[in-house]
Amino acid sequence: MTNRLAIEGSERNDYATPWPVVRFLERHFNKFDLDPCCYPETAKAPSLFTKEDDALSRDWFGHVYINPPWGQPDLSQFIEHAYNQSLQRKTKSIIALIPAANTDTHAWHKYIVNGANYVYLIRGRIPFELDGVRQNSNNVPTAFVIWERTSPATRARLGSFDVKDIMRG
């Protein structure tokens, strides 16, 4: 899925990652092979899983991008599954775009602080898309969380990116 809380208080649950964000990540990291949290029209990789495919019960592969549902318990379940999938031989890297406002949760501490390789806090707000139109009302801080199979983490390293640089693609 795409995130559910990109605009706090919104009834919609289908806010999508804008393409400049994906291009930025691909330029700095890798092209994505799988988007397990999308609709066919919002997929950011050649292979995808939709809600009907139940990404939490499937193995992920290659370089994975997720913008999971931000509501609970979905968000915590996707974070846990991303961590577990990063330990498997089928994934090379997993990059998640998630809210950075929920750092007090069990999932943040167990699977990100003590399990991810990198956390990049994003200065500014990403303008998510709704029905293909960029929205400028995101009021939730975000972060990229990266799990890499090639370099197991004991504690995540912290960095930051500016949304102006990200949105240039």
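In this protein, residues 24 or more positions apart account for 72% of the contacts with a separation of 6 or more. Contact here means heavy atoms within 4.5 Å. The model is predicted, so local features need pLDDT of at least 70 and side-chain atom pairs count only at pLDDT 80 or more, while totals for chains, interfaces and linings use all residues. Residues are numbered from 1 along each chain as its sequence is written, and side-chain values use heavy atoms, with hydrogens and water left out.

## Overall make-up

The secondary structure comes to four helices and nine strands. Helices (H or I, at least four residues) and strands (E, at least two) are DSSP runs, numbered from the N terminus. Their order from the N terminus is α-β-β-β-α-β-α-β-β-β-β-β-α. The protein has 169 residues, and 51% of them count as buried. Buried means under 20% relative accessible area, exposed means over 50%, and partly exposed lies in between (1.4 Å probe, protein chains only).

## Helix 2 and helix 3

How do helix 2 and helix 3 pack? Helix 2 spans residues 74–86 and helix 3 spans residues 106–113. Their axes are 9 Å apart, at an angle of about 15°. Axes are lines fitted to C-alpha atoms, for helices over the stretch in contact, and angles run from 0 to 180 degrees between N-to-C directions. The two helices are therefore roughly parallel to each other. Angles under 35 degrees count as roughly parallel, over 145 as roughly antiparallel, 65 to 115 as roughly perpendicular and the rest as oblique.

The crossing of helix 2 past helix 3 is left-handed. That term applies if the near helix is turned anticlockwise from the far one by less than a right angle; clockwise makes a crossing right-handed.

Helix 2 brings S76, I79, E80 and Y83 to the contact. Helix 3 meets them with A107, Y111 and I112. By class, the residues of this contact are five nonpolar, one polar and one charged. Ala, Val, Leu, Ile, Met, Phe, Trp, Tyr, Cys and Pro count as nonpolar, Asp, Glu, Lys and Arg as charged, and the others, Gly among them, as polar.

Within helix 3, A107, W108, Y111 and I112 are the buried residues. They sit on the same side of helix 3, because they cover an arc of only 110° around the axis. The arc is that of the directions from the helix axis to the C-beta atoms. These buried residues pack against helix 2, strand 4 (91–99), strand 5 (118–123) and strand 8 (142–148).

A107 lies in helix 3. Leaving aside neighbours within four places in sequence, A107 is in contact with S76, I79 and I112. A107 and I79 are 28 residues apart along the chain, yet their C-alpha atoms are separated by 6.6 Å. H106 also has its place in helix 3. H106 and E80 are 26 residues apart in sequence and 9.9 Å apart in space, C-alpha to C-alpha.

## Burial at selected sites

| Residue | Relative accessible area | Class |
|---|---|---|
| T142 | 1% | buried |
| A107 | 4% | buried |
| H81 | 12% | buried |
| D54 | 38% | partly exposed |
| H106 | 58% | exposed |
| D131 | 61% | exposed |

T142 lies in strand 8. What does T142 touch, not counting residues up to four places away in sequence? The list is W70, L97, I98, P99, A100, Y120, L121, I122, I126 and F128.

H81 lies in helix 2. Its contacts, leaving aside neighbours within four places in sequence, are A55, L56, R58 and W60.

## Two positive phi angles

D54 has a positive phi of about 55°, although it is not a glycine. D54 is placed in the loop between strand 2 (47–48) and strand 3. D131 has a positive phi of about 55° and is not a glycine either. D131 is found in the loop between strand 6 (129–130) and strand 7.

## Helix 1

Helix 1 covers residues 19–28, and its buried residues are P20, V21, V22, F24, L25 and E26. Among the strands they pack against are strand 3 (62–66), strand 4, strand 7 (133–134), strand 8 and strand 9 (157–162). They also pack against helix 4 (163–167).
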